[in-house]
Amino acid sequence: MSYVGTVEGRRVGFTGDLIMGDGKIFDLYSFQDAIPEAKVGGYHGYGGRLADLISSLQKLRATNLDVIYPARGPVIRKPNAAIDQLIARVRALYRNYLSTNALHWYFKEERMRICGERVLGKGAKIELMPYCLHVKTPEWIIEFSTSRIIVADNGHGFLLDCGGQRQLDFAKDVVARGVVKKIDGIFLTHTHDDHSQMVKAAAEFFKCPVYATAEYADVVENPGHYLMPGLTEHAVPRVKAMEDGAKMRWHEYEFTFRFFPGQMFYHGALLVKRPKAKPVFFIGDSFAPSGIDDYCLLNRNLVHPDAGYKRCFKIIRALPKDTWLINQHVPHVFRFSDKELTFLETRYAERTRILRELLPWDDPNYGIDERWATFYPYGTTLRPGEMREVEVRTRQPLAGGAKIYRDPARPSWFADFGRCKIHHTRLAWRRRGEGENPRAKKTRRVRHHRRCGFQRHALPRLGGGGD
Ligand SMILES: [Zn+2]
């Protein structure tokens, strides 16, 4: 909702968070939404509300304002220029997003065109990356739905993901029929439930360990401590947390475990080398033959040089020659040519530049990553009057440099607040960064604020002073 009126002879607009500064938006993650006309659900709807943003801006522009008073940031004294700038930035962002998009593989061209025309305008040119080389999966890998089983020459199997009863039943059946003698271990590529839902049950049934990398082992063991799309309620105890780059021999194979934050932040990958065969790299859901799986902002696709897709590109560049990629949603193995990889890298670097211009923060990740600061554990149920200590965790930039963000419009901290089932309870909590911080030992009581339930932003005051 915006208000437009005349004050002392000037046309003024009060536009809330519609626009900031010279043509920016406060964040991008709030624009994630379904696109029903393209049959795209909320989870896959990157920037789903950007089309509405543009039509709202166009309505506002038609009122010929002299000045805009936004909810945050400085007064906008050249409204039309700022509006034009914002529309241009949003279109550049969306055009860029579509050009590298994995959904082109899953949803095909027509649905991408519908998504594109909403934002870019009727008849706009929609660029999509053509599919890269994809061929049949080699016979030493059994393919079933979102699972794969690597088979050793002695008949032992290693399971990749177990996202549902069907996948578990299939693995059991393969063993029962003697196609595979036994399952020796499970690697969980990432924490989404279409990969993790039955991992606990499979590990119990096959009496085998579950592997992940250290960066997301805790999410697998304690999914209720986090807020992310698609977490499972089936926590897996005693995950074998492998260091990034750790190697493991398994029969004639060599495995290399990688932290691979592509489709989501809590994501790994497994490089599998078999003698006299082309290596394969299990990349979970991070790439498809048409590009990258970055359609859900709540998956936390950070744009630090050493995080998110930039890290994944580097890892793929360094793979042994002719390594095949496996995304278990894609019933093939595939690989990008040098030219295709360069295209993806170049477009992604451009995306980061657009985000820097579109978002007001010194680090664009604050506008992308809703969970840059969060309570740990996220879900907490308290009895009335019960005291509990929770941590406030902030994401430290992996590559160093950026400071913890302070909202210039607020004199003190604001942070995300978890779910609290009870009104007016008290939380005792301690402010602490992810590293050791000797100054951060203050314990304060805060009253639970406003309404309870699933709440994205909340405002417990965490004391003054920033780190
Ligand atoms: Zn998946």
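Since the model is predicted, local features need pLDDT of at least 70 and side-chain atom pairs count only at pLDDT 80 or more, while totals for chains, interfaces and linings use all residues. Residues are numbered from 1 along each chain as its sequence is written.

Let's start with the big picture. The protein has 10 helices and 24 strands; these are DSSP runs, numbered from the N terminus, with helices (H or I) of at least four residues and strands (E) of at least two. Of its 467 residues, 41% count as buried. Buried here means that 20 or more other C-beta atoms lie within 10 Å of a residue's own, exposed means 12 or fewer, and partly exposed is in between, with C-beta atoms placed from the backbone. Two residues are in contact if those backbone-placed C-beta atoms lie within 7 Å. Among contacts between residues at least 6 apart in sequence, 67% join residues at least 24 apart.

Now for the inside. The largest nonpolar core has 106 residues, where such a core is a set of buried Ala, Val, Leu, Ile, Met, Phe, Trp, Tyr and Cys residues joined through C-beta atoms within 7 Å. Those with the most contacts inside this core are Ile19, Leu159, Ile186, Val199, Ala202, Val210 and Phe282. Helix H2 (residues 79-99) gives the most to the core, with eight residues. Domain 1 (3-120) and domain 2 (133-335) both supply residues, so the core lies between them; the domain bounds come from an automatic or database domain assignment.

H2 and helix H3 (residues 103-120) pack at an angle of about 170 degrees, with their axes 9 Å apart. Axes are lines fitted to C-alpha atoms, for helices over the stretch in contact, and angles run from 0 to 180 degrees between N-to-C directions. The two helices are therefore roughly antiparallel to each other, a label for angles over 145 degrees. On the H2 side, Val90, Arg91, Tyr94, Arg95 and Leu98 meet Met112, Cys115, Gly116, Val119 and Leu120 in H3.

Next, the strands. Two strands pair if DSSP finds at least two bridges between them. An open sheet of three strands runs in the order E1-E2-E3, with mixed pairing. Strand E1 (3-7) and strand E3 (67-69) stand at the edges with a single partner strand each, so one side of each is left without a neighbour in the sheet. Neighbouring strands of this sheet are turned by 30 degrees against each other on average, direction ignored. E1 and strand E2 (residues 10-14) pair in the antiparallel sense over five bridges, and valine 7 stands opposite arginine 10 in E2.

Five of its five residues are buried, so E6 is largely enclosed by the rest of the structure. Ser147, Ile149 and Val151 lie on one side, with Arg148 and Ile150 on the other, and both faces are covered. E6 is joined by four bridges to strand E5 (residues 141-144), running antiparallel, and by four bridges to strand E7 (residues 157-160), again antiparallel. Arginine 148 stands opposite glutamate 143 and has leucine 160 in E7 as a bridge partner. The E5-E6 hairpin has two residues between its strands, and serine 145 in the turn has a positive phi of about 50 degrees. In the E6-E7 hairpin there are five residues between the strands, and glycine 155 in the turn has a positive phi of about 95 degrees.

Lysine 276 and arginine 300 are not glycines, yet lysine 276 has a positive phi of about 60 degrees and arginine 300 one of about 70 degrees. Lysine 276, in the loop between strands E13 (268-273) and E14 (280-282), is exposed, with 5 other C-beta atoms within 10 Å. Arginine 300, in the loop between strand E16 (291-292) and helix H8 (308-317), counts as buried, with 23 C-beta neighbours inside 10 Å. There is also a cis peptide bond from tyrosine 376 to proline 377, with omega near 0 degrees.

Technical notes:
Angles under 35 degrees count as roughly parallel, over 145 as roughly antiparallel, 65 to 115 as roughly perpendicular and the rest as oblique.
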